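Thanks for coming, everyone. I'll walk through one structure today, from the whole chain down to single side chains. Please have a look at it first.

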Amino acid sequence: MVKITLSKLKICSRFIQRLNSANHWEVHSKFTHAVNLVNASGEMLTFLTQNRVVAPYSVTLPILQLDDWRMVQRRFIPKGDIRGELEKYHFDFEEIDLRVLNKKGNTEWSKGLYSSVQSFSVRKSFNLLKWLQYHDFSDPEIREFQSCCFSDSGSWSKEFLKHWVGRGLGLTPSGDDFLVGLGFVLKVLSQNSQQYFELLDDMKRSTTFMSEYMFNCAVDGLFVEPLNRLCRTNDAQEMERYLEELVQIGHSSGQDMFMGLWFGLKYAFFECR
């Protein structure tokens, strides 16, 4: 068996803190390229194979598959406190830093991102309106969404989130992934997003455990790595590369997040009246 060294790990510092916060972890769900663990408090950790997109509270391992979970446990989850050893090799997860984005200029950056999203969607043959129609979201509901964005009172419609929370199948239904992509746009561009995230936090128990975890991260401003990287560039080619990384996540999760990102840019900021 090939020896795997810790120096080849990519470890989120949040992963280390959470790993050592509980003594007992159980497997929640296991796939070829990802294994999710939970503890008694309902907290989650994720193990990923190499070249996977990094998420909050995750570690990427220098292996191609996670089928041999016992080997992974022996190598990477030894008994006792391993924080000191892991911290030699951890990286800090790239959270959204609005100060960095503000220095770039929100307007310039958002225009560049919207342009990249449009050209990327043409290249990939994505159709936002057909996707929305497939999920029974109509023009009147789009206009209602826009009224939420531009309401002086900052009042969001609970019905809007009810339409999407838990909508679809899988560990993270399409509607939940859509709301995370939309939430990313609102978090970085909108001054009127606080109630959106408060409602998302209130309604998170209406969907799956995995989506609840994902919503918790979004409320805290934690998103998957490609979304975070978008905030750190104005270069069109780099933006399209990160969008490509985004849509590759999961079976359809990344594409659904992209639709939420596209929807937010289109209807909240660039075609809003």
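Start with a definition: buried means under 20% relative accessible area, exposed means over 50%, and partly exposed is in between, with a 1.4 Å probe and protein chains only. On that scale, buried residues make up 51% of the 273 residues in the protein chain.

Now the ground rules. This is a predicted model, so local features need pLDDT of at least 70 and side-chain atom pairs count only at pLDDT 80 or more, while totals for chains, interfaces and linings use all residues. Residues are numbered from 1 along each chain as its sequence is written, and side-chain values use heavy atoms, with hydrogens and water left out.

The overall fold, then. The protein chain has 14 helices and six strands. Those are DSSP runs, numbered from the N terminus: helices are H or I with at least four residues, strands are E with at least two. Next, contacts, meaning heavy atoms within 4.5 Å. Take the contacts in the protein chain with a separation of 6 or more: residues 24 or more positions apart account for 69% of them.

On to the cores. A nonpolar core is a set of buried Ala, Val, Leu, Ile, Met, Phe, Trp, Tyr and Cys residues joined through side-chain atoms within 4.5 Å. In soluble globular proteins, nonpolar side chains tend to be buried together. Here the largest nonpolar core has 55 residues. Which of them touch the most other members? Phe160, Phe258, Leu261 and Phe263. Take phenylalanine 263. Leave out residues up to four places away in sequence, and its contacts are Leu128, Leu132, Phe137, Ile142, Phe145, Phe160, Phe178, Leu182 and Ala268. Another core, of 24 residues, lies apart from the largest one, and Leu19, Met44, Leu66 and Tyr213 are among its members.

Next, strand E3. Five of the five residues of E3 are buried, so the strand is largely enclosed by the rest of the structure. Both faces are covered. Ala34, Asn36 and Val38 are buried on one side, Val35 and Leu37 on the other.

What does E3 pair with? Two strands pair if DSSP finds at least two bridges between them. Strand E2, residues 26-30, runs antiparallel to E3 and is joined to it by four bridges. There, glutamate 26 stands opposite valine 38. E2 and E3 form a hairpin, with three residues between them. E3 also pairs with E4, again in the antiparallel sense, over five bridges. Leucine 37 has leucine 45 in E4 as its bridge partner. That hairpin has five residues between its strands, and glycine 42 in the turn has a positive phi of about 85°.

Asparagine 39 counts as buried because its relative accessibility is 9%. Its side chain makes a polar contact with the side chain of glutamate 43, at 2.9 Å. For a polar contact we need a pair of N or O atoms within 3.5 Å; within protein, one must be able to donate a hydrogen and the other to accept it, and residues adjacent in sequence count only if both atoms are side-chain atoms.

Now charges. Side chains of opposite charge can pair when their charged atoms come close. Our cut-off for a salt bridge is a side-chain nitrogen of Lys or Arg within 4 Å of a carboxyl oxygen of Asp or Glu. How many turn up in the whole structure? Eight. One of them joins lysine 124 and glutamate 244, at 3.4 Å from N to O. The pair links distant parts of the chain, helix H5 (106-124) and helix H13 (236-247), 120 residues apart. Lysine 124 is partly exposed at 28%, and glutamate 244 is partly exposed at 23%.

There is also a network: Glu225, Arg229 and Glu245 are linked by salt bridges. Arginine 229 to glutamate 225 is 3.1 Å between the closest N and O atoms. Both lie in helix H12 (225-230), four residues apart, about one turn of the helix. Glutamate 245 to arginine 229 is 3.7 Å, N to O. This second pair links H13 and H12, 16 residues apart. Buried or partly exposed? Glutamate 225 is buried at 10%, arginine 229 is partly exposed at 24%, and glutamate 245 is partly exposed at 25%.

Last, cysteines. With a disulfide set as a pair of cysteine sulfur atoms within 2.5 Å, the search of the whole structure finds zero. Cysteine 217 is buried at 6%, and cysteine 231 is buried at 2%.
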